[in-house]
Amino acid sequence: MEFESFLVSLGTSAVIFVVLMFLFTWLSRRPGNIPVYYPNRILKGMDPWEGSSLTRNPFAWIREAFTSTEQDVVKLSGVDTAVYFVFLSTVLGIFSLSALILLPTLLPLSATDNSLKNSRNATDTTSNGTFSQLDNLSMANITRKSSRLWAFLGAVYWISVVTYFMLWKAYKHVASLRAEALMSSEEVLPEQFAILVRDIPSPPNGETQKEFVDSYFRDIYPETFYRSLVVTENSKINKIWEDLEGYKKKLARAEAVFAATSNRPTNKTGMLGLVGEQVDSIEYYTKLINESVTKLEAEQRTVLAEKQQTAAVVFFTDRVTAALAAQSLHCQMVDKWTVTEAPEPRQLIWENLKIKFFSRIVRQYLIYFIVAITILFYMIPIAFVSAITTLENLQKTLPFLKPIVEIGFIKTILESYLPQIALIVFLAMLPKFLMFLSKSEGIPSQSHAVRATSGKYFYFSVLNVFIGVTLAGSLFQNLKALEKKPNSIITVLATSLPKNATFFLTYVALKFFVGYGLELSRIIPLIIFHLKKKYLCKTEAEVKEAWYPGDLSYATRVPSDMLILTITFCYSVIAPLILVFGVIYFGLGWLILRNQALKVYVPAYESYGRMWPHIHTRILAALFLFQLVMFGYLGVKLFVWATLLVPLIFISLLFGYVCRQKFYKGFEHTALEVACRELKTRPDLEEVFKAYIPHSLSTHKGDDHKFKGAMSRYQDYAAISAA
């Protein structure tokens with residue numbers, strides 16, 4: 001990429017961000033847009049502008065984000081969101097401290113050397129074959145065997161030490177944040193009084209599954225066992241319940257139309273309401289509701305009597321016993337009576353609870369194999385796209401585009417954005433597929449599935465970006481050299497990363513300027529909401545469903561951040577300017593998402609920071625990759641002291657091991673010293689039990705008790721209904 005194209009890309013992205021920011025300031029003050037920009041506060045019964053100021057200052061939201069505390073985030077969006085901001089601030093600290101030393105040290109060393117000018121070696125440039133002005137500020141301009149390489153070696157050590165310090169500090173903080181939330185005496189959390197039991201053996205003759213579970217745990221915990229809820233096979237009854245809820249919505253819609261027009265609405269009874277007999281909608285859906293209620297009650301009796309599964313949720317009278325039971329071995333055979341902490345009621349993936357122990361293991365390895373194969377084959381289209389989306393290759397592949405591409409303005413725009421947009425589109429197609437694979441492992445909870453998906457997406461994106469984009473492009477360019485000297489592949493791979501530094505500078509800029517600009521402005525959700533409200537929504541419930549924001553989508557957001565983290569790490573010494581872009585990305589991310597967390601997004605679950613150990617491990621994985629890359633690149637520079645990086649690589653592994661041994665158990669289980677804190681109010685155990693009853697099996701109304709079955713704090717639609 002030429003320097004002119006790089007500046008055009010950066011400038012255009014910055015202008016787009018500024019426009020979107022001012023658009024957000026204007027749109028968020030319009031009364032009709034309040035549900036799009038303040039849904040979190042609306043659902044919590046707060047005034048949309050509570051704690052805010054209605055000034056004309058377009059930067060007022062920035063002051064509000066900066067002045068908010070961590071407890072404000074916990075109160076409005078939960079512990080998981082607060083932990084996510086710990087991640088952002090930690091990475092921001094790593095890159096800021098690194099830039100503080102590296103920029104004034106490495107940039108002058110690179111700028112005052114003349115390796116590229118003397119050698120004219122296009123294989124060592126950071127701009128993929130173009131002698132850009134940016135090359136002179138990179139490690140590519142350092143002469144081989146130069147004593148200046150000591151500074152770059154020291155920079156690797158500095159970044160690594162800063163990362164160890166920041167990660168250790170963050171791990172301690174998150175651990176205390178989690179413990180503080182779990183020790184809270186203000187709120188009764190149903191999951192703290194329950195455990196999840198799987199792999200229950202067949203009951204003895206004459207006993208039902210529930211009687212067997214009750215007797216087993218009553219014998220072990222005679223004083224603190226309360227009762228059990230045996231998991232049932234609910235596929236048929238869930239379908240009936242979903243149909244019933246659908247009929248209720250359609251009836252409410254028909255009644256709203258009748259109230260507004262005084263004309264009784266009609267519909268056809270056939271497929272999609274397009275064919276069949278024309279009937280009165282209110283009478284038709286009332287009839288279907290009555291029929292569905294009868295079916296539901298009959299199926300409930302059948303399910304409870306005949307469809308009990310080999311899993312259960314077991315309840316205790318105090319939190320300590322539940323925490324103790326969750327981390328105890330209950331049976332000598334590991335594939336019997338498997339016990340873990342119970343997730344929140346809203347998190348349970350009920351259909352996975354019946355999957356047997358060894359079946360889960362087989363599924364897990366099978367999914368790993370499928371993911372590995374998918375990464376391998378997904379690399380082919382990514383490598384192909386990365387190869388053809390350069391202007392030179394695009395003209396060769398599609399010759400008829402040559403006259404258009406040669407127009408100066410179009411050429412600059414295509415060089416600036418085409419490869420980066422192609423990469424973003426390919427990565428955006430993955431999350432749902434990876435979530436499906438994660439749930440297929442037999443994972444019992446939604447938060448666990450999100451963590452698993454996040455891990456797959458991280459390794460997927462990192463491997464495909466670095467192999468499919470960076471290495472594949474270099475391999476194609478050096479194919480003839482590899483045919484002549486197959487042993488040169490290590491050299492080719494070691495020199496491939498520096499060639500794409502400018503590409504990744506542009507990629508990171510596109511992500512933080514355009515990506516966060518769209519995030520802040522919420523243009524797309526705003527347009528969708530107003531279209532639905534005008535043309536589709538007839539009832540208040542439908543309007544509320546149209547503006548419901550969802551959560552922060554950790555399954556995709558965290559891996560995307562991790563990809564930027566990995567890119568910045570790997571190029572921080574090769575092309576130190578990328579540290580500036582990394583600081584801007586995570587700084588803007590902290591600021592904009594702080595605003596969104598306090599005003600927009602509503603958490604779909606609460607795992608009390610269990611994502612952090614996975615985040616920590618992947619930061620270390622990115623650091624490990626960075627150290628390997630620098631070891632290889634210093635070797636390519638013929639710097640014999642590159643071997644001094646070998647101890648650093650082992651220190652990273654040791655640091656990860658020490659952190660896991662010290663902190664991880666506190667995230668895997670609830671410590672007894674945390675669980676032993678007394679609650680201010682005595683828990684209503686029957687309400688705790690009812691919180692876990694599935695919608696389709698609940699025989700009481702949703703408003704009859706404190707937790708509202710799985711419908712209040714455990715279901716999104718309950719939050720909508722309560723608004």
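A nonpolar core is a set of buried Ala, Val, Leu, Ile, Met, Phe, Trp, Tyr and Cys residues joined through side-chain atoms within 4.5 Å. Keep that handy for the exercises below, and remember that this is a predicted model.

**Exercise 1. Find the largest nonpolar core and see what surrounds Phe569.**

Solution. Start with the count: the largest nonpolar core holds 135 residues. Next, look for the residues with the most contacts inside this core, and you get Phe87, Phe569, Val573 and Trp612. Helix α8 (residues 149-182) gives the most to this core, namely 17 residues. Now zoom in on Phe569: setting aside neighbours within four places in sequence, its contacts include Ile94, Phe95, Ile159 and Phe626. Finally, there's a second, separate core of 31 residues, with Phe193, Ile237, Leu348 and Leu679 among them.

**Exercise 2. Work out whether Tyr601 is buried or exposed, and what it touches.**

Solution. First, locate Tyr601: it sits in the loop between α25 (578-599) and α26 (612-636). Then check its relative accessible area, which is 9%. Buried means under 20%, so Tyr601 counts as buried. Now list its partners, skipping residues up to four places away in sequence: Tyr601 touches Ser77, Glu519 and Arg557, among others. Ser77 is 524 residues from Tyr601 along the chain, yet their C-alpha atoms are separated by 7.5 Å.

**Exercise 3. Take two of the partners of Tyr601, Arg557 and Glu519, and describe how they pair.**

Solution. Begin with the general idea: side chains of opposite charge can pair when their charged atoms come close. Here, Arg557 and Glu519 form a salt bridge, at 3.2 Å from N to O. Next, place each end: Arg557 is in helix α24 (residues 554-571) and Glu519 in helix α21 (residues 501-521), so the pair links distant parts of the chain, 38 residues apart. Both Arg557 and Glu519 are buried.

Technical notes
Residues numbered from 1 in each chain as written. Predicted model: local features only at pLDDT ≥ 70, side-chain atom pairs only at ≥ 80, totals over all residues. Heavy atoms only, no water. Helix = DSSP H or I, 4+ residues; strand = E, 2+ residues; numbered from the N terminus. Buried < 20%, exposed > 50% of the residue type's maximum accessible area, 1.4 Å probe, protein only. Contact = heavy atoms within 4.5 Å. Salt bridge = Lys/Arg side-chain N within 4 Å of Asp/Glu carboxyl O.
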